[in-house]
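Subject: Structure handover

Dear colleague,

Here is the structure for your files. My notes follow below it.

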Amino acid sequence: MNIAYWIVAGLLALFYLYAGTLKMIRSRDQLRPMMAWVDRMPLPAVRALGAVEILGAAGLILPPLTGIALPLAMAAAGGFVLLQAGAIAVHLTGEDRRIALNAGLTATAAVTIWLATSL
């Protein structure tokens, strides 16, 4: 189970580290081709979302790696479940109805919560 956690959480953390970094450093025009919803959100909210994603990625990796505050890993994965629930709502209320990636990330974060119980 420990190896499974590291594989799933590591991939999830890499995804959110990448996505969060893009949201933090790129302009709205650079984000628009891959994230159509950015026009409906204020840029500071997009930047804040990027910061939350980066912090969540750290929360998946650092507590199990250091052995300190292990419940934070479950909290980070739970935060990603909530984040994706909000993302699905944003996609469905806009013109972009593609939610397959969001559903997959929700399921992956849920599995990560379950795997984190064995840490």
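Predicted model: local features only at pLDDT ≥ 70, side-chain atom pairs only at ≥ 80, totals over all residues.

The buried residues in helix 5 are Asn102, Leu105, Ala109, Thr112, Leu115 and Ala116. They take up an arc of only 140 degrees around the axis, and therefore sit on the same side of helix 5. On the face turned away from that buried side are the exposed residues Ala100 and Trp114. The cover over the buried residues of helix 5 includes helix 1 (2–25), helix 3 (43–66) and helix 4 (71–93).

Thr112, in helix 5, has a relative accessible area of 0% and is therefore buried. Its side chain reaches the backbone oxygen of Thr108 at 2.8 Å. Setting aside residues up to four places away in sequence, Thr112 touches Tyr5, Val8, Ala9, Leu12, Leu60 and Ala77.

The largest nonpolar core has 16 residues, and those touching the most other members are Tyr5, Leu12, Tyr16, Leu60 and Phe80. Helix 1, helix 3, helix 4 and helix 5 each give two or more residues to this core. Tyr16, with neighbours within four places in sequence left out, is in contact with Glu53, Ile54, Ala57, Phe80, Leu83, Gln84 and Leu105. There is also a second, separate core of six residues, among them Leu22, Leu31, Met35 and Val38.

Regards

Note on methods: Residues numbered from 1 in each chain as written. Heavy atoms only, no water. Buried < 20%, exposed > 50% of the residue type's maximum accessible area, 1.4 Å probe, protein only. Helix = DSSP H or I, 4+ residues; strand = E, 2+ residues; numbered from the N terminus. Arc of directions from axis to C-beta. Contact = heavy atoms within 4.5 Å. Polar contact = N/O pair within 3.5 Å; in protein donor to acceptor, adjacent residues only side chain to side chain. Core = buried A, V, L, I, M, F, W, Y, C linked by side-chain atoms within 4.5 Å.
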